[in-house]
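Dear colleague,

I am passing on the structure below, and I would be glad if you could look through it alongside the notes that follow it.

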Amino acid sequence: MAAASRSDSMTGGLDRPVVVVMGVSGCGKSTVGVLLADTLRVEYAEGDAFHPASNIEKMAAGVPLTDADRAPWLDIVAAWLGERRERGGVVSCSALKRSYRDRLRAAAPEAFFVHLSASRAELARRMETRRGHFMPATLLDSQLAALQPLAPDECGITVAATEDPAELVREAVTAWESR
């Protein structure tokens, strides 16, 4: 039997990616996540959609979430990832702390993380100019304070969120393939 080609692994082989596009608010998780899922031909989920109403209300009011607030949300995201271990999937999720990513990996040990990184100034600019999102720019500093970048022993890649989204997707796919 011939080895699976790149396109086989992306579109119909057994080795399907389970990816978390992570980073603080405003880094482009949703934009890159949708494009990445389309490229990989897997389902995409918007992590914000899994937040309970109480979390959305809290953030919209400018109150940072606590670890206790995030725990049920992370469990829902983890369950979604776990359900897609064989068929693949991409979810956007801030996954700010190592402990949060460990919680996600408990359900999907093969999860690959794509950390979108940008300067505070760029993130603030993006947050201040976007419309229709519940997360106010006033919460950016609390997210940056909580952020623990990927450690060398974590399966994933950190990319510059300021690059073209299509280029970010190419980098993510290349990194996933060479993991």
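Lysine 58 and aspartate 69 are joined by a salt bridge whose closest N and O atoms are 2.5 Å apart, where a salt bridge stands for a side-chain nitrogen of Lys or Arg within 4 Å of a carboxyl oxygen of Asp or Glu. Because lysine 58 lies in helix α3 (residues 53-60) and aspartate 69 in helix α4, this pair ties together parts that are eleven residues apart in sequence; helices (H or I, at least four residues) and strands (E, at least two) are taken here as DSSP runs, numbered from the N terminus. Lysine 58 is partly exposed, with a relative accessible area of 24%, whereas aspartate 69, at 18%, counts as buried. For these words the cut-offs are under 20% relative accessible area for buried, over 50% for exposed, and in between for partly exposed (1.4 Å probe, protein chains only).

Before going further, please note that this is a predicted model, in which local features need pLDDT of at least 70 and side-chain atom pairs count only at pLDDT 80 or more, while totals for chains, interfaces and linings use all residues. Residues are numbered from 1 along each chain as its sequence is written, and side-chain values use heavy atoms, with hydrogens and water left out.

By the rule given above, the count of salt bridges comes to 14. Another of them links glutamate 154 to arginine 101, with the closest N and O atoms 2.7 Å apart; glutamate 154 lies in the loop between α7 (140-146) and β5 and arginine 101 in helix α5, so parts that are 53 residues apart in sequence are tied together by the pair. Both glutamate 154 and arginine 101 are buried. A further salt bridge brings together the side chains of arginine 170 and glutamate 167 (3.1 Å, N to O), which are three residues apart in helix α8 (residues 165-177) and therefore separated by about one helical turn. Arginine 170 is partly exposed at a relative accessible area of 47%, and glutamate 167 is likewise partly exposed, at 29%. Through shared partners, salt bridges join Arg98, Arg101, Asp102, Arg105, Asp153 and Glu154 into one network.

As for the fold as a whole, the chain has eight helices and five strands, and along the sequence they follow the pattern α-β-α-β-α-α-β-α-β-α-α-β-α. Of the 179 residues in the chain, 45% are buried, and among contacts between residues at least 6 apart in sequence, 75% join residues at least 24 apart.

The five strands form an open sheet in the order β2-β3-β1-β4-β5, with parallel pairing; two strands are said to pair if DSSP finds at least two bridges between them. At the edges stand β2 (43-46) and β5 (156-160), each with a single partner strand, so one side of each is left without a neighbour in the sheet. Neighbouring strands are turned by 20 degrees against each other on average, direction ignored, with axes as lines fitted to C-alpha atoms, for helices over the stretch in contact, and angles running from 0 to 180 degrees between N-to-C directions. Four bridges join β1 to the parallel strand β3 (residues 89-92), and valine 18 stands opposite glycine 89 in β3. Helix α4 packs on the sheet, touching β1, β2 and β3, and its direction makes about 165 degrees with that of β3.

Lastly, two backbone angles deserve a mention. Alanine 95, in the loop between β3 and α5, has phi near 45 degrees, a positive value in a residue other than glycine, and is buried at a relative accessible area of 0%. Arginine 41, in the loop between α2 (29-40) and β2, also has a positive phi, near 60 degrees, but counts as exposed at 60% relative accessibility.

Notes: Contact means heavy atoms within 4.5 Å.
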